[in-house]
Amino acid sequence: MCQHADHTQERIQHLQDNVYPCLLIKLNNASNCAYLQALPDAEKSPLLEAIAALRQEFQSLITYEAKLVFPAVMKVFEAKKGEKGLPNLADLIQLTRSKEQKMKAHLQRIEGLLQSQIWANGGYKQKALVETFQHEFSTEKTLWNSMVEDRLTNCRCFRKEFYFNDKPMTIQPFFQPDPNQPA
């Protein structure tokens, strides 16, 4: 294996040991804060449902990456030249992107709910949750995706059968600006 493999393993450990646990704490805080619990059920229910949906999708992403994506990426580094049966990283990354897009939709729903007057004097933990996903999670996923893309195009140990239609696979960022909304 090469230095790229070591760096990739470090990035995986960082996501699993630091980033994802922090986000799970933010999800718990957003679900269990005193301000939210004090509201009538009719006012807090939609937000709790959106947070629960985000949590479910996020936990699914964590499990999917831990059991399939991260081991597959490392397996590519460990594979011998010409080895058959290597994982299809393009498909794995595409499924990851699908989960991330669902998470993004849940975050947008939460953000929309927080725009109402009910949340004018509260909702700080929920707002922090949205901001953390939009900034820290987005940054970490961009770093991960950029690293995988770099490995696909620049690492001789990693570049094995992972060209899609004779072109390197490209990975889009988690949060892309909406071209229909002003900056």
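Reply: In this predicted model, the elements of the protein chain, read from the N terminus on, run α-α-α-α-α-β-β.

Me: How many helices and strands does the protein chain hold, and what share of its residues is buried?
Reply: The order α-α-α-α-α-β-β corresponds to a chain with 5 helices and 2 strands. With buried meaning under 20% relative accessible area, the buried share of the 183 residues in the protein chain comes to 40%.

Me: Among contacts between residues at least 6 apart in sequence, what percentage joins residues at least 24 apart?
Reply: The count concerns contacts in the protein chain whose partners are at least 6 apart in sequence. Of these contacts, the part that joins residues at least 24 apart is 78%.

Me: Is α3 roughly parallel or roughly antiparallel to α5?
Reply: The axes of helix α3, residues 41–78, and helix α5, residues 124–154, come within 14 Å and cross at roughly 20°. Because angles under 35 degrees count as roughly parallel, the orientation of α3 relative to α5 is roughly parallel.

Me: Which handedness does the crossing of α3 and α5 have, and how many nonpolar residues does their contact have?
Reply: Where α3 passes α5, the crossing is left-handed. On the α3 side the residues that meet α5 include Leu47, Phe58, Glu65 and Phe70, while those on the α5 side include Gln126, Phe133, Lys141 and Trp144. Sorted by class, the contact of α3 with α5 has 1 polar and 3 charged residues, and its nonpolar residues number 13.

Me: How is α1 oriented relative to α3, and how many residues of each class does their contact have?
Reply: The axes of α1 and α3 are 11 Å apart, and the two helices pack at an angle of about 170°. An angle over 145 degrees counts as roughly antiparallel, and therefore α1 is roughly antiparallel to α3. By class, the contact of α1 with α3 has 19 nonpolar, 7 polar and 2 charged residues.

Me: How many aromatic pairs does the structure hold, and what geometry does the pair of Tyr20 and Phe58 have?
Reply: The structure holds 6 aromatic pairs. For Tyr20 and Phe58, the ring centres are 5.4 Å apart and the planes stand at 85°; since planes over 60 degrees apart count as edge-to-face, the geometry of this pair is edge-to-face.

Me: How many residues apart in sequence are the parts that Tyr20 and Phe58 tie together, and which aromatic cluster do these two residues belong to?
Reply: Tyr20 lies in helix α1, residues 3–32, and Phe58 lies in helix α3, so the pair ties together parts that are 38 residues apart in sequence. Both Tyr20 and Phe58 are buried. The aromatic cluster they belong to is formed by Tyr20, Phe58, Phe133 and Phe137.

Me: Why is the pair of Phe70 and Trp144 edge-to-face, and which helices hold the two residues?
Reply: The ring centres of Phe70 and Trp144 are 5.0 Å apart and their planes are at 75°, so the pair is edge-to-face. Phe70 is buried, and Trp144 is buried too. The pair ties together parts 74 residues apart in sequence, because Phe70 lies in helix α3 and Trp144 in helix α5.

Me: Is Lys44 buried or exposed, and which residues is Lys44 in contact with beyond its neighbours within four places in sequence?
Reply: Lys44 lies in helix α3, and its relative accessible area of 10% is under the 20% limit, so Lys44 is buried. The C-alpha atoms of Lys44 and Ser31, which are 13 residues apart along the chain, are separated by 9.8 Å. Leaving aside neighbours within four places in sequence, the residues in contact with Lys44 are Leu36, Gln37 and Leu39.

Note on methods
Residues numbered from 1 in each chain as written. Predicted model: local features only at pLDDT ≥ 70, side-chain atom pairs only at ≥ 80, totals over all residues. Heavy atoms only, no water. Axes fitted to C-alpha atoms, helices over the stretch in contact; angles between N-to-C directions. Helix = DSSP H or I, 4+ residues; strand = E, 2+ residues; numbered from the N terminus. Parallel < 35°, antiparallel > 145°, perpendicular 65-115°, else oblique. Left-handed = near helix turned anticlockwise from the far one by under 90°. Contact = heavy atoms within 4.5 Å. Nonpolar A, V, L, I, M, F, W, Y, C, P; charged D, E, K, R; others polar. Phe/Tyr/Trp six-rings, centres within 6.5 Å; stacked < 30°, edge-to-face > 60°. Buried < 20%, exposed > 50% of the residue type's maximum accessible area, 1.4 Å probe, protein only.
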